[in-house]
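Trainee: I'd like to learn how to read a protein structure. Could you take me through it step by step?

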Amino acid sequence: MTDQVISGTDLSRLRELNSLTVVRALRDQPPATVTELAKLTGLSRPAVDVIAQGLVTGGWATVVEPSGSSVVGRPARRYRFRATAGHVIGVDVGAHKILTLLADLDGNVVHTARCTVAADADPPSRLAALDAVLATCLSEAGKTEQDIWAVTIGVTGPVDASGKTTLFTPLPGWQTVDLAAHLSDRFTCPIVVENDCKLAALAERWQGAARDANDIVFLLAGMRIGAGLIIDGVLRRGYGGAAGEIGALKAVRWLTAPSNLAQCPGVPATVSPDDAAAWVFNAARDGNRDARSAVNRYVKDLAIGTAALVLALDPQVVVFGGGFSRSADLVLDPLRRELARLCLRLPDVRASTLGADSVALGALRLALNEVDQRLFTLGLSAPVAPRR
């Protein structure tokens, strides 16, 4: 029988895998002692002690100094994942605005920058605005492009595997834009482009109204209606990135639903088309009969497509989000009644708690997922910022 020989390469890889196991435990826990980390990872206490000290030296962990003096004797050292080792960026490129969030590796937002964009802006103008707001965000946060480990951009319309919105998008000329290629001149980290509805769904499960759910239908409701789907805890994109785009089917009436608000009788001529819905919702609260009828017609149309998704997916939660979620007090109850009438089982219908930030927050979540995937696949070879 031949003895198995473990090479230096094998030992090196084993050490790295053990280090990654400890890093993963630190990512998912509050500050922990060596003993606690040993129990969490199944590694021996002496091995974890050496690994933890090495992670501090390498910039992946910090030592949390004990507070107070109530404990007799020397308290055990606690280790915390060093969230400031790197940063990520999430961006919402919308029809009227560009919102950028910069966060550490725990998802804590460090800086925010935004700007307005004309709805009819051409691609060069919108890209120039994107470049400017990214530069502002980095500069004001005291960061450089090299400090960023992943960038995710949310855009309107289904995003295919190449990161483009080739099927459709309301952004003029945007089908020709290759965002990842454009930003690769600035960033050397992974750049991901994703649909705004899908990112908003991720955000609601991460920090919003659906944190307790694994099966979610998210409705991005505004002057257009879209949906993001999370099933069994996994964001569903579909083969070509168009999962949830049920509004493309004219029979569900999502394409025309917002016109019930925009064309409401009594909207003053001085109110712009973009502000008409807000006027109608406010008038409905004040008891205006025409406005209440317009809201009811809108909800009935919204319910058709929502019911189709509920019947197909049987979600635990439906989240009503997007710009119109500010008027959830007028929408949720009639929407529940319509879904109860149309569906076999009524899911829990909730209002978004994230509002206009949901897409950018979802972009942050996806960027953090990208960092974790690369970290636990490729190892601890990612760049480490200087310790402070």
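Mentor: Let's start with charges and rings: a charge sits over a ring if NZ of Lys or CZ of Arg is within 6 Å of the ring centre and within 35 degrees of the ring normal. Here, the charged end of R365 sits over the ring of W206, 5.1 Å from the ring centre. Before we go on, this is a predicted model, in which local features need pLDDT of at least 70, side-chain atom pairs count only at pLDDT 80 or more, and totals for chains, interfaces and linings use all residues. Residues are numbered from 1 along each chain as its sequence is written, and side-chain values use heavy atoms, with hydrogens and water left out.

Trainee: How many aromatic pairs does a search of the whole structure find?

Mentor: Rings of Phe, Tyr and Trp (its six-membered ring) pair if their centres lie within 6.5 Å; planes under 30 degrees apart count as stacked, over 60 as edge-to-face and the rest as tilted. The search of the whole structure turns up three aromatic pairs. One of them is F281 with F324, edge-to-face at 5.4 Å centre to centre and 75° between the planes. F281 belongs to helix α8 and F324 to the loop between β12 and α10, 43 residues apart. (Helices are DSSP runs of H or I with at least four residues, strands are runs of E with at least two, and both are numbered from the N terminus.) Y298 and F324 also pair edge-to-face, with 5.6 Å between centres and 70° between planes. Y298 lies in helix α9 and F324 in the loop between β12 and α10, so this pair ties together parts that are 26 residues apart in sequence.

Trainee: Are Y298 and F324 buried or exposed?

Mentor: Buried means under 20% relative accessible area, exposed over 50%, and partly exposed in between (1.4 Å probe, protein chains only). Both Y298 and F324 are buried, and F281 is buried too.

Trainee: What about salt bridges: how many does the structure hold?

Mentor: The idea is that side chains of opposite charge can pair when their charged atoms come close. A salt bridge needs a side-chain nitrogen of Lys or Arg within 4 Å of a carboxyl oxygen of Asp or Glu. The structure holds 16 of these. Take E194 and R237, whose side chains meet at 2.6 Å, N to O. E194 sits in strand β8 and R237 in the loop between β11 and α7, 43 residues apart. E194 counts as buried because its relative accessibility is 3%, while R237, at 27%, is partly exposed.

Trainee: And which residues lie nearest the centre of the largest pocket?

Mentor: Rolling a probe the size of a water molecule over the atoms shows where empty space is left. On a 1 Å grid over the protein atoms alone, a pocket is an open set of points where a 1.4 Å probe fits, with protein on both sides within 12 Å along at least five of seven lines; lining residues have an atom within 4 Å of a point. H96, G222, M223, R224 and G323 lie nearest the centre of the largest pocket, among 40 lining residues. Helix α8 gives the largest share of that lining, seven residues.

Trainee: Which residues are closest to the centre of the second largest pocket?

Mentor: They are V192, E194, L235, R237 and L366, out of 21 lining residues.
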